[in-house]
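Come along and look with me.

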Amino acid sequence: MSDSAPNLPGVRLRAALDQVPAYVPGKPAAAPEGVTAYKISSNENPYSPLPSVVDVIHEAAGGINRYPDMAVTGLTQALADKLGVPAEHIATGTGSVGVLGQVIQALCDPGDEVVYAWRSFEAYPIVTALAGANSVQVGLDDHARHRLDAMRAAITDRTKVVIVCTPNNPTGPMVTHTELERFLDDVPDHVLVVIDEAYVEFVTGDDAPRSIDLYRERPNVMVLRTFSKAYGLAGLRVGYAVAHEPVAQALRKTAVPFGVNSIAQAAAVASLEAYDELKERVDSLVAERTRVVEALRGQGWFIPDTEANFVWFGLGERSAAFAEAAQEAGLTVRRYGDDGVRATIGETEANDVLIKVAGDFLSDNPVNPS
């Protein structure tokens, strides 16, 4: 038993908890007096939910005295119809991070390994450590992209899961379909490859992954998605996986019973039905992303090619100073220690402030961050 675990007398907590890093959420919006506050720290959709979706939420709220449908039947069938896959190949959970936790619980015993790029989504080391498994982190390249050859080389006999985050959170670049296909050709069949596509709706680049095709072709491929980002349902916590049996069945076994509540399910189904409206908002955010990236690069910043709804500043030890400068201007950004800062594409006004803050910071710190 670890000496550092704060155990109560007679209570022995798992030693594995000592290896679990704390999840650091994006800070709430805050600003000095007289300055407008903008929160661009959590990759949230800045638009309010669609009125049609809000109406469905209000209606569903009238039935919260009853347990939700544990099988999440309506959403499961809606997703199966939209994606053209068997309903039995859909598994749902409390956001994509909830489903990811189900994956690790279903596949990993203590001492097994999970391979993923780093820096990437900070929940990966958390869900891995909670299962008693070991994280194998493979550094990104100089353009903040996955090094798939190095990830393949990191696979051992203990590897149970490989996670490919595309577009990568928090840096933004995607893995191309060609790269992913070549990588999958070399991964052993018994290793599950999770293609984490939380930001897939924002992708516009050439040779984007056709992940559902890859899942259809390969039994060891699973696609992970969420309603939190483009669909704007971050507060309701709905995510899903597309996977072959027995993986999908295992995910349902490890799910928290009734985890996807009735309001969340109704809102997700309504959002699927209203996707054409939502797509207009996504297109607006992508246009803003292009404008922001071009403006920042014009100032002299190195900004990785982002296919998500955020931009990455590889600031190193100057990350704290940049985050502080942004806060003074009313922008709450997401700092990742001394690695860098991520800024969500938000309202036009927030993006304008980000561009100004970045320009002023670079003028005062002339060495080009990268």
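Where does Pro-170 lie? I found Pro-170 in the loop between strand S5 (159-165) and helix H6 (177-186). For these labels, helices (H or I, at least four residues) and strands (E, at least two) are DSSP runs, numbered from the N terminus.

**Ground rules.** I noted that this is a predicted model, where local features need pLDDT of at least 70, side-chain atom pairs count only at pLDDT 80 or more, and totals for chains, interfaces and linings use all residues. Residues are numbered from 1 along each chain as its sequence is written, and side-chain values use heavy atoms, with hydrogens and water left out.

I placed Arg-119 in the loop between strand S3 (113-118) and helix H4 (123-130). Then I turned to Asn-43, whose phi is near 55 degrees, a positive value in a residue other than glycine. Asn-43 lies in the loop between strand S1 (38-39) and helix H1 (51-61).

**The whole chain.** I looked up 12 helices and 12 strands in the protein chain. Its C-alpha atoms fill a box of roughly 55 × 55 × 50 Å along the principal axes. The radius of gyration is 21 Å, which agrees with the value near 21 Å for a compact globule of 370 residues. That radius is taken over C-alpha atoms, and the globule rule is 2.2 Å times the number of residues to the power 0.38.

**Two domains.** How is the protein chain divided? I noted domain 1 (26-48 + 275-364) and domain 2 (51-274), with bounds from an automatic or database domain assignment. Their centres, taken over C-alpha atoms, are 25 Å apart. The contact (heavy atoms within 4.5 Å) takes 24 residues from domain 1 and 28 residues from domain 2.

The two domains bury about 2200 Å² between them, 56% of it on carbon and sulfur atoms. Buried area here is the accessible area (1.4 Å probe) that two parts lose on being put together, summed over both. On the side of domain 1, Tyr-275, Leu-278 and Glu-307 lose the most area to domain 2, together 29% of what that side buries.

Next I checked polar links. Between the domains there are 15 residue pairs in polar contact, both residues at pLDDT 80 or more. A polar contact is a pair of N or O atoms within 3.5 Å; within protein, one must be able to donate a hydrogen and the other to accept it, and residues adjacent in sequence count only if both atoms are side-chain atoms.

Which elements each supply at least two residues of the side of domain 1 that touches domain 2? I wrote down helix H10 (275-299), strand S9 (310-313) and strand S11 (334-336). The largest share, eight residues, comes from H10.

**Salt bridges.** I used the rule of a side-chain nitrogen of Lys or Arg within 4 Å of a carboxyl oxygen of Asp or Glu. The count by this rule comes to 18, and two salt bridges are between domain 1 and domain 2. Arg-334 forms a salt bridge with Glu-122, with the closest N and O atoms 2.4 Å apart. Asp-112 forms another with Arg-158, at 3.1 Å between the closest N and O atoms. This pair links distant parts of the chain, 46 residues apart.

**Last stop.** I found Val-203 in the loop between strand S6 (192-196) and helix H7 (211-217). Leaving aside neighbours within four places in sequence, Val-203 is in contact with Pro-167, Met-174, Ala-208 and Glu-307. Val-203 and Pro-167 are 36 residues apart in sequence and 7.7 Å apart in space, C-alpha to C-alpha.
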